[in-house]
Amino acid sequence: MRRFLEMKQAGERIVALTAYDALFAGLLEDEGVDLILVGDSLSEVMLGYESTLPVTLDEMIHHAAAVRRGAPESFVVVDLPFLSYQVSVDESIRNSGRVLKETGAQAVKLEGGDPRTCQTVEALVTSGIAVMGHLGLRPQSIHALGGYLVQGRDEKEARVLAEQARALEEAGAFAVVLELVSAELAVEVTRALRVPTIGIGAGPDCDGQVLVLHDALGLNAGFQPRFLRHFAKLGEAARAGVRAYAREVRAGTYPGPEHSFGREP
Ligand code: KIV
């Protein structure tokens with residue numbers, strides 16, 4: 001965590017991406033990504049649900065343990081899924097403890113910055129559990145928020161969000177994700193906090209950036225919100241690969257003799 005503070009102080013941007021499996025996690029580690037997030041976007045990206053609400057704590061732990069095996073040297077943060085920390089402080093400590101014990105991750109992330117959530121953050125940090133906050137668009141509250149909309153756009157909402165960011169820092173969060181907020185508000189919060197902000201759809205001036213890996217790599221070419229750039233075209237490449245494989249199997253040109261084994265001499 002000290003490293004992220006130092007990076008902020010040095011003006012070095014923090015590179016974060018999500019991962020949900022060992023193979024991609026290893027790739028991120030090899031490429032020097034600073035922080036790997038096992039996001040509850042797992043629910044949509046890997047498990048095919050419509051939102052982040054259905055994913056369970058056991059599923060998060062299962063995937064986070066795989067990420068840790070694939071990226072043993074990386075700083076791994078795991079999302080606490082919906083209703084694993086909202087019911088009571090005791091439950092949040094027990095569930096976060098499970099995440100750290102059973103996955104080997106270094107930290108958990110949770111959404112919100114209201115006084116009750118900050119009390120939970122404080123209790124977790126007091127128990128020795130590192131916590132990352134998450135403000136702005138909070139996908140676990142998608143029905144209450146009324147959709148995937150930019151948050152904190154009017155003055156009153158912006159004030160509340162800035163206050164909550166400060167409260168999260170005060171409660172001991174080591175960083176705060178800002179999702180889908182105006183660039184102006186993100187700058188204001190980033191300047192006001194000692195701990196780093198990690199943006200997604202929050203403009204160019206946060207201390208770091210996170211994206212859902214599969215979105216960044218263009219695996220889901222149809223998903224193109226304004227804030228997203230496809231840094232690769234893996235979706236197209238994968239489709240072309242599947243088509244070529246099917247063509248060759250159907251034509252009988254794969255497998256060929258060079259892919260075949262002979263008898264023992
Ligand atoms: O679940 C997730 O992937 C996230 C990031 C989008 C920040 O929370």
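In which hand does H5 pass H6? In this predicted model, H5 passes H6 in a right-handed crossing. Helix H5 spans residues 89-103 and helix H6 residues 115-126, and the two pack at an angle of about 45° with their axes 9 Å apart. Since angles under 35 degrees count as roughly parallel and 65 to 115 as roughly perpendicular, H5 and H6 are therefore oblique to each other. On the H5 side the contact is formed by Val89, Ser92, Ile93 and Ser96, and on the H6 side by Thr120, Ala123 and Leu124. By class, the residues of this contact comprise four nonpolar and three polar, with no charged residue.

H6 also packs against H8, here at an angle of about 20° and with the axes 8 Å apart. With angles under 35 degrees counted as roughly parallel, H6 and H8 are therefore roughly parallel to each other. The crossing in which H6 passes H8 is right-handed. H6 contributes Cys118, Val121, Glu122 and Val125 to the contact, and H8 contributes Ala167, Leu168 and Ala171. The residues of the contact of H6 with H8 divide into six nonpolar, no polar and one charged.

A further helix pair is formed by H2, residues 22-30, and H4, residues 57-70, which pack at an angle of about 45° with their axes 7 Å apart. H2 and H4 are therefore oblique to each other, and their crossing is right-handed. Ala22, Ala25 and Gly26 of H2 meet Ala66, Val67 and Gly70 of H4. The contact of H2 with H4 holds four nonpolar and two polar residues, and no charged ones.

The largest pocket has a volume of about 1,100 Å³. Its lining comprises 44 residues, of which Glu179, Ile200, Phe223, Pro225 and Phe227 lie nearest the centre of the pocket. Two or more lining residues are given by each of helix H3 (42-45), strand E6 (175-179), strand E8 (208-211) and helix H10 (213-216). The largest share of this lining comes from E8, which supplies three residues. In terms of residue class, the lining of the largest pocket consists of 22 nonpolar, 11 polar and 11 charged residues.

The second largest pocket holds about 160 Å³ of space. Leu135, Gly136, Arg138, Gln151, Gly152, Glu157, Val160, Leu161 and Gln164 form its lining. The elements giving two or more residues to this lining are strand E5 (130-136) and helix H8 (155-171). H8 gives the most, with four residues. The lining of the second largest pocket divides into three nonpolar, four polar and two charged residues.

Setting aside residues up to four places away in sequence, Glu169 touches Leu193, Arg194 and Val195. Glu169 and Val78 are separated by 91 residues in sequence, and their C-alpha atoms lie 19 Å apart in space.

Two features of the backbone geometry were also noted. Most residues other than glycine have a negative phi, and most peptide bonds are trans. Leu83, although not a glycine, has a positive phi of about 70°. Leu83 is placed in the loop between strand E3 (76-79) and H5. The peptide bond from Tyr254 to Pro255 is cis, with omega near -5°. Pro255 lies in the segment after helix H11 (234-251).

How values were computed. Residues numbered from 1 in each chain as written. Predicted model: local features only at pLDDT ≥ 70, side-chain atom pairs only at ≥ 80, totals over all residues. Heavy atoms only, no water. 1 Å grid on protein atoms, 1.4 Å probe; cavity = no way out; pocket = protein on both sides within 12 Å on 5 of 7 lines; lining within 4 Å. Points joined across faces, edges and corners; volume = space filled by probe spheres on them. Nonpolar A, V, L, I, M, F, W, Y, C, P; charged D, E, K, R; others polar. Axes fitted to C-alpha atoms, helices over the stretch in contact; angles between N-to-C directions. Parallel < 35°, antiparallel > 145°, perpendicular 65-115°, else oblique. Left-handed = near helix turned anticlockwise from the far one by under 90°. Contact = heavy atoms within 4.5 Å.
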